[in-house]
Amino acid sequence: MSEAKTTTISSARDLESRFGFDEGEVSLHIDDGRGTLPRVVLGHDGARAEVYLHGAHVTAYEPADQREVLFIGRSARYEPGKAIRGGIPICFPWFGSRAADPYAPSHGLARTKDWKLGGVGRVDGGVEAMFETRIEKLDVRYRVNLGSTFRVTLEATNIGDEATIVETAMHSYFAVGDIREGVAIEGLNGRTYLDQLQGRARVVEEAEALFFEAETDRVYLDTANRHVIIDPLYQRRLIVETEGCPSTVVWNPWIEKTMRMGDVEDDEWPKFVCLETGAIADDELSVEPGGVCRFSTCIEAVDLER
Ligand code: BG6
């Protein structure tokens, strides 16, 4: 990865001339995305992914010969200071509201920051872009790797002189055929979750597979490192494997909450399920001065009959 080419200039044209490359089946280009925000477009053997520097926000992952894996709202906003609705927002360095500051923005500062493109290259059999920023006393890097699977890795180093508490979630919005039509999540049985709809009451998950019949907003703790979303309408399984991510959030706003949200259309809620991977609440991390924390999530789409 050519990290020497780090730049602070973020016009798409300038970034393209510094970082863009095209080697046939493997490519990386920077263009003006929606709202003229700079966007990195990765290509690998017929697969494609997009990442905005705004929020280091992944907005698309389309595997070769498969439909799009991530949901993006039709009225998602692409504006400085706003989080894009859909794709993979990064919640960091806190999740939801911040205990110490009731005025702090929901889900932290990462998803509304402008990140720098820190390096690009061919890494681990895929094409990779590395984004970087500083948030409070944390130097943060985010690697997006597109190969036969899709992997995002968030890494933060505490450059301060006191320990700091970190929460995070890679808040993936997965596109599904219709959440009411047999969509199920496997891998959560026996885990304790905090029910966000009941004041974070603690509940043990008894279902072998979680199906959806109403608004759902749960933070599962101490989870396994593999979850599978079954989607009968789209005839596929989405396999989500993690490293360093003890928490898993499952969220869908259903009908009424959607009506209160300005950037999700009323007919869109059945088209996604959020399965978010990270470290939250009991699973938060304390990072010592000079210490590093790392969270990685790998996504793979597989046809149901395989
Ligand atoms: C989920 C939370 O992670 O994100 C929900 O569990 C929240 O409680 C949802 O509503 C969306 O949050 P936001 O800030 O992007 O509207």
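I will call a residue near a molecule if one of its heavy atoms lies within 4 Å of it, and by that rule the residues around the ligand are Arg85, Phe95, Ser106, His107, Arg111, His171, Gln196, Asp217, Val249, Trp251, Lys257 and Glu276.

Please keep in mind that this is a predicted model, in which local features need pLDDT of at least 70 and side-chain atom pairs count only at pLDDT 80 or more, while totals for chains, interfaces and linings use all residues. Residues are numbered from 1 along each chain as its sequence is written, and side-chain values use heavy atoms, with hydrogens and water left out.

Let me turn to the contacts. Taking a polar contact as a pair of N or O atoms within 3.5 Å, we find an oxygen atom of the ligand 2.8 Å from a side-chain N or O atom of Arg111, and polar side-chain atoms of Arg85 and of His171 each lie 2.9 Å from a ligand oxygen atom. The ligand taken alone exposes 400 Å², of which the protein buries 84%, with areas from the Shrake-Rupley method and a 1.4 Å probe.

Now to the backbone. The peptide bond from Phe92 to Pro93 is cis, with omega near 0°, and Pro93 belongs to the loop between strand E6 (90–91) and strand E7 (116–123), where strands are DSSP runs of at least two residues, numbered from the N terminus. Thr36, which is not a glycine, has a positive phi near 50°, and lies in the loop between strand E2 (26–32) and strand E3 (38–44).

Notes: Polar contact = N/O pair within 3.5 Å; in protein donor to acceptor, adjacent residues only side chain to side chain. Helix = DSSP H or I, 4+ residues; strand = E, 2+ residues; numbered from the N terminus.
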